[in-house]
Amino acid sequence: MAATLYGENEADPTKFHSDTYSYERPRRLALQELAPGNTFYVNGYKHEISGLEISTGGRQEWRTWRVCPGCGYVRTENAAEDRSPCPRCKTSHIADDGSCLFQVVEPSTVTSRDKREDARIRDDKDDRDRRTYTVVDAVDIPVGEIEPGSWRHQHQTFGVDYCRRAIIRRINVGPVRYDAQARDDFAGHLVRLNPFHVCTACGAASADGRPVFDHHTDEVDSLAARAGQLKHHRPWCPLRRGKKTDAREEQVLLAHQLQTEALRVLIPAATADVDSKVHSFRAALRLGVDLHFGGDPQHLATTVASMPDNDSGERRWFLVLFDSLPGGTGYLDRLTKPDAFRATLAAAYEALKGCPCAEEQRRACHRCLHRYTPEPFQDIVSRQAALTMLEALLFTKDGEDGWETTEVDHTGLVGLDAQVESDLEARFLAALRSWVKVTDDASLDEDGHASGHLRFTDATGVTHWRLTAQQQLKGTVSDFTFTRVDGPAQSVKVYLEGFRFHASREHNRIADDAAKRTRLRADGATVFQITWADIDLFEKRPTRTKPVWPPYKATAQEQAKTAYEQYGGLRAHFAGAVFANPIDTLIAYLREPDPEQWTRRARALVTGLTAQPGAAPVAATGRRSELVASLRGQLATFSAAPRRDEPVVQDAAGIGPVHVFRAQDDTGLPIVFALDAADPEDLKWTALTVLDDSDAVLDTDEHKERWRSWLYWTNLTQFLSLAGGDGVQLATSSAADFEVEVLAICGGLGELDSLAGAVPFAAAAAPGLAVKPVAPDPARPSVVEAVLAQALRDAAWDEDILEILRDDADESPDLLRLAETLADLGKQAPVFGYELGQSRWQADFAWHTHGIKIAVVPAHDSADDDEARRRDDAFTADDWTVRTAAEWLAHLDELLDLLPATEEGTLR
């Protein structure tokens, strides 16, 4: 550091005198302590760093670096032109010039220039001005440089690599900013970039944004030259003096490069409580190293690195123990063997287990973890978190020696699947805790590991659930179970499902999961299925995951809400419980587990499908044999398996009329659903959601979305069984074998009751449950009328006509009214904007099929509108029946008799 102090010359007060002093600090420390904008205190003076030496002998000292956003790789050669994928994490994000290309200075000398009197530290003031900077360690360990002998733990996501030529680049990305909301991916970390601005002429450096130069004068003593945004520039700087120059303000980052030996440790922290786990283990390992070496080797340091895991879609986290002396000293070679590493961890374990802070009810203290933890992470390190991780590595669940290792080429080959799967439980519980903290009517009292009591309090009393984890059931283990304590016996099973372990090509358990969930429901349990992506979205954390719910667009959503009202529910209570993240749906159920209310919601959700584009009726019958044949035929279309011999089905009384439909939700998930309208006051709905589990679609993005939607649907359609219907969860591989004869609409007991072989759960849990609708509104069609009308609706009305007319409703209200009426009554859509003959006489609507010629034309502008009369004459001469929209509305019955109904080929 070159620090200049200037002031009046004691011998001649008319002259100024300056002195320059040199101070040295280790470069890795100086990157923050002597960064622009910081203050350095020495020999009774405070020096504010305001410049960098950025040129030596006319040579520019800043360099262009391309920093990978996902890992610690930095391209320092030919960085501006080379946009090839990252050689470490194999991603192409590094090619983005806007977010990955940076000007970097490796400072050798920083400068300050202060007036002696102002810089002197006075006895009456002992405050110190310190700035905090965001510093990132970019750890680059090429796979080819890893020494032979890497190993991993056989039962945990844990392993060790040793590299003699690791490159650790410490990069100062600017002062910490708390006002910036957006954060950037940078070298495997999420940070707020706030670069320094450096003058290329004099090296003046600003830590507070780009200075503003708005004057044009050579007078150094002018007010402009003494402005605060300019004073850190040198007096001779052409920018400060208003000269025309090529000099500019360059945004730069500060960096230090170290090539040394490093031990890279893959640690069991993929997503849940990552910061706490990483930094707790980091401090514990450093504690163990000191105990292992029997001293305090201060030249050994630790840092954290991460990189994306392409298989799981998550991140793998590494703790890097390195020698801070260039080239290393050979110390770390002693820890490369599994036995030596185990001894280090065991020493840390014993020290943490006996630390007095356990009796003091503290997370950690200066005697154990705090002495090895950087200041920003002091509040999050946990002695218990470190002990839990060490115990999992050193011991089995029975307390026996659990340290078993095996050699690997490098730890990048250690899969994260098991860790990601286990983290789901911790993340769900953490999300539930966070939600309870900001919710007035809920409380969660934990009395052990993943065990506790969840209570909801309202004016009517308390709804109390016992929460337990990892419950062993018949052939399956639920992740969480909520058991009702204060009311009727109810059990809610929650499954946390990662895509890779349940629906991928490597682990295709779709059909098996569906069968197990159905068996639990048959035994009387309510089952909710939640995915990794659902927790991401519930926590509102930054993610590339797209929501897949609501399952259909606004028109169908309105149909569902209207149906919910007619079934007896409150419209305002529907969307928040049904068109929501499945965690929100689960919470809504736990808060108010009313079977009537949830049956209404399930039926309304399925009713909304009738307004989904592409939904089509496939059968309408009162004969059991026809209905069974139709449903079998629909399921057969999903399966590549040969159809089995179909037994003869006897017709039964009391079946129908049943209307069968087929639709897809917005993800493309196929759903076969049916309405038993025998009793208009007690409609019975059935829905069969079928997910393709063939090898051809596994691992595609479309399949991932449909799998999540499939789980959402069956979380809700399970309640259809409470009111005489069925909610069936199927995979295509098992669809051909599904016995549709057991469905209630086919005269069977219902799927769940047929599996249970006992008294239906709905009757046992809620005797006599029959969800009745509210009294019908004479001005509004019934649900049956609305559904059947919607089923016969020509999709072209909504896709091509009504949207345009609604945008111009003020100009042609009669035409809009006529179109809406005809669409609602199931009439075939016309040609919109039809033109007749070579003169192109235009009609708003025209029907010219089935031997008819009917046109709707614009009204005459005036009584002597010759153009309109000639148009009407042309249509009439060609045997068309022509009227305006208002005239056809006055003769609506006549028009309805003339127009064709919607054909099956044009149905929704």
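Reply:

When neighbours within four places in sequence are left aside, Ser630 is in contact with Val618, Ala619 and Val660, where contact means heavy atoms within 4.5 Å. The model is a predicted one, in which local features need pLDDT of at least 70 and side-chain atom pairs count only at pLDDT 80 or more, while totals for chains, interfaces and linings use all residues. Residues are numbered from 1 along each chain as its sequence is written, and side-chain values use heavy atoms, with hydrogens and water left out.

Ser630 lies in helix H15, which covers residues 624–636. Helices here are DSSP runs of H or I with at least four residues, numbered from the N terminus. Ser630 counts as buried because its relative accessibility is 15%; buried means under 20% relative accessible area, exposed over 50%, and partly exposed in between, with a 1.4 Å probe and protein chains only.

The packing of helices comes next. Two packed helices are described by the angle between their axes and the distance between the axes. Axes are lines fitted to C-alpha atoms, for helices over the stretch in contact, and angles run from 0 to 180 degrees between N-to-C directions.

Helix H21 (residues 795–807) and helix H22 (residues 813–824) cross at roughly 155°, and their axes come within 9 Å. H21 and H22 are therefore roughly antiparallel to each other. Angles over 145 degrees count as roughly antiparallel, under 35 as roughly parallel, 65 to 115 as roughly perpendicular, and the rest as oblique. The crossing of H21 and H22 is left-handed, that is, the near helix is turned anticlockwise from the far one by less than a right angle; clockwise would be right-handed. H21 contributes Trp797, Leu802, Leu805 and Arg806 to the contact, and H22 contributes Leu815, Leu816, Ala819, Glu820, Leu822 and Ala823. By class, this contact of H21 with H22 has eight nonpolar, no polar and two charged residues. Ala, Val, Leu, Ile, Met, Phe, Trp, Tyr, Cys and Pro count as nonpolar, Asp, Glu, Lys and Arg as charged, and the others, Gly among them, as polar.

A second pair is formed by helix H9 (residues 510–522) and helix H16 (residues 701–717), whose axes are 13 Å apart at an angle of about 5°. H9 is thus roughly parallel to H16. Their contact is made by Ile510, Ala514 and Arg521 of H9 together with His703, Trp710, Thr714 and Asn715 of H16. The contact of H9 with H16 has three nonpolar, three polar and one charged residues.

Note on methods:
Helix = DSSP H or I, 4+ residues; strand = E, 2+ residues; numbered from the N terminus.
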